[in-house]
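Take a look at the chain below. Then follow it step by step, from its overall outline to single pairs of side chains.

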Amino acid sequence: MQTKPEKTLSTFLRDNSGLNKILQKVNQLQHLDQLLKTFLEPDISAHCQVANFRENILVIQCDNAAWATRIKFLIPQLISFLRQPNYLPQLASISVIIKM
């Protein structure tokens with residue numbers, strides 16, 4: 001009886017397009033969250049994170065309404081920062097939601 005060689009995680013993900021798409025989305029959101037943290041001051045960034053990016057809209061989730069309000073005031077500058085060619089030039093708008 002022959003045993004099949006074990007697949008590595010990267011091989012498994014490459015062969016499974018559904019999981020590969022999920023992994024790509026996770027990587028994209030982590031990258032966008034790092035860009036957000038780079039832009040924000042540390043006191044704000046500890047309370048806000050990227051929740052999603054869909055239809056060219058970045059969704060930022062904040063711990064409460066106070067932090068969401070602070071982010072909303074920064075949206076014009078944040079859009080300018082993220083629309084740089086190497087970051088997110090297709091960004092149309094930013095939506096801010098409160099963590100439940």
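What follows is a walk through the fold, the aromatic rings, the charged pairs and one surface patch.

This is a predicted model: local features need pLDDT of at least 70, side-chain atom pairs count only at pLDDT 80 or more, and totals for chains, interfaces and linings use all residues. Residues are numbered from 1 along each chain as its sequence is written, and side-chain values use heavy atoms, with hydrogens and water left out.

Start with the overall plan. The protein chain has four helices and three strands. Both kinds of element are DSSP runs, numbered from the N terminus: helices are H or I with at least four residues, strands are E with at least two. Read from the N terminus, the order is α-α-α-β-β-α-β.

Now the outline. The C-alpha trace spans about 65 × 30 × 20 Å along its principal axes. The radius of gyration of the protein chain is 18 Å, while a compact globule of 100 residues would have one near 13 Å. That radius is taken over C-alpha atoms, and the globule rule is 2.2 Å times the number of residues to the power 0.38.

How much of the protein chain counts as buried? The share is 28% of the 100 residues. Buried means under 20% relative accessible area, exposed means over 50%, and partly exposed lies in between (1.4 Å probe, protein chains only). The protein chain exposes about 7,000 Å², and carbon and sulfur atoms supply 56% of that area. Accessible areas come from the Shrake-Rupley method with a 1.4 Å probe; for residues, only the protein chains shown count as cover.

Contacts tell how the chain folds back on itself. A contact means heavy atoms within 4.5 Å. Take the contacts with a separation of 6 or more: residues 24 or more positions apart account for 50% of them.

Next, the aromatic rings. Rings of Phe, Tyr and Trp (its six-membered ring) pair if their centres lie within 6.5 Å; planes under 30 degrees apart count as stacked, over 60 as edge-to-face, and the rest as tilted. The count here is two aromatic pairs. In one of them, the ring centres of F39 and F81 are 5.3 Å apart and the planes stand at 35 degrees, so the pair is tilted. This pair links distant parts of the chain: F39 is in helix α2 and F81 in helix α4 (residues 65–82), 42 residues apart. F81 also pairs with Y87: their centres are 5.2 Å apart and their planes at 50 degrees, so this pair is tilted. Is each member buried or partly exposed? F81 counts as buried because its relative accessibility is 18%. F39 is partly exposed at 25%, and Y87 is partly exposed at 31%.

Charged side chains come next. Side chains of opposite charge can pair when their charged atoms come close. A salt bridge is a side-chain nitrogen of Lys or Arg within 4 Å of a carboxyl oxygen of Asp or Glu. How many salt bridges are there? The count is three.

One joins K37 and D33, with N to O at 3.8 Å. Both residues lie in helix α2, four residues apart, about one turn of the helix. D33 counts as buried at 18% relative accessibility, whereas K37 is partly exposed at 27%.

Another joins R70 and D43, whose closest N and O atoms are 3.4 Å apart. The pair links distant parts of the chain, with R70 in helix α4 and D43 in helix α3, 27 residues apart. R70 is partly exposed, with a relative accessible area of 35%. Besides D43, R70 is in contact with I44, leaving aside neighbours within four places in sequence.

The remaining bridge joins D63 and K99, with the closest N and O atoms 3.1 Å apart. D63 lies in the loop between β2 (57–62) and α4, and K99 in the segment after β3 (93–98), so the pair ties together parts that are 36 residues apart in sequence.

Helix α3 covers residues 42–45 and includes S45. S45 counts as buried because its relative accessibility is 12%. Leaving aside neighbours within four places in sequence, S45 is in contact with K37 and L40.

L19, I22 and V26 make a nonpolar patch of about 230 Å². Patches are made of residues with over 30% relative accessible area and no salt bridge: like charges are joined within 9 Å, nonpolar side chains (Val, Leu, Ile, Met, Phe, Trp, Tyr) within 5 Å. L19 is found in helix α2 (residues 17–39).
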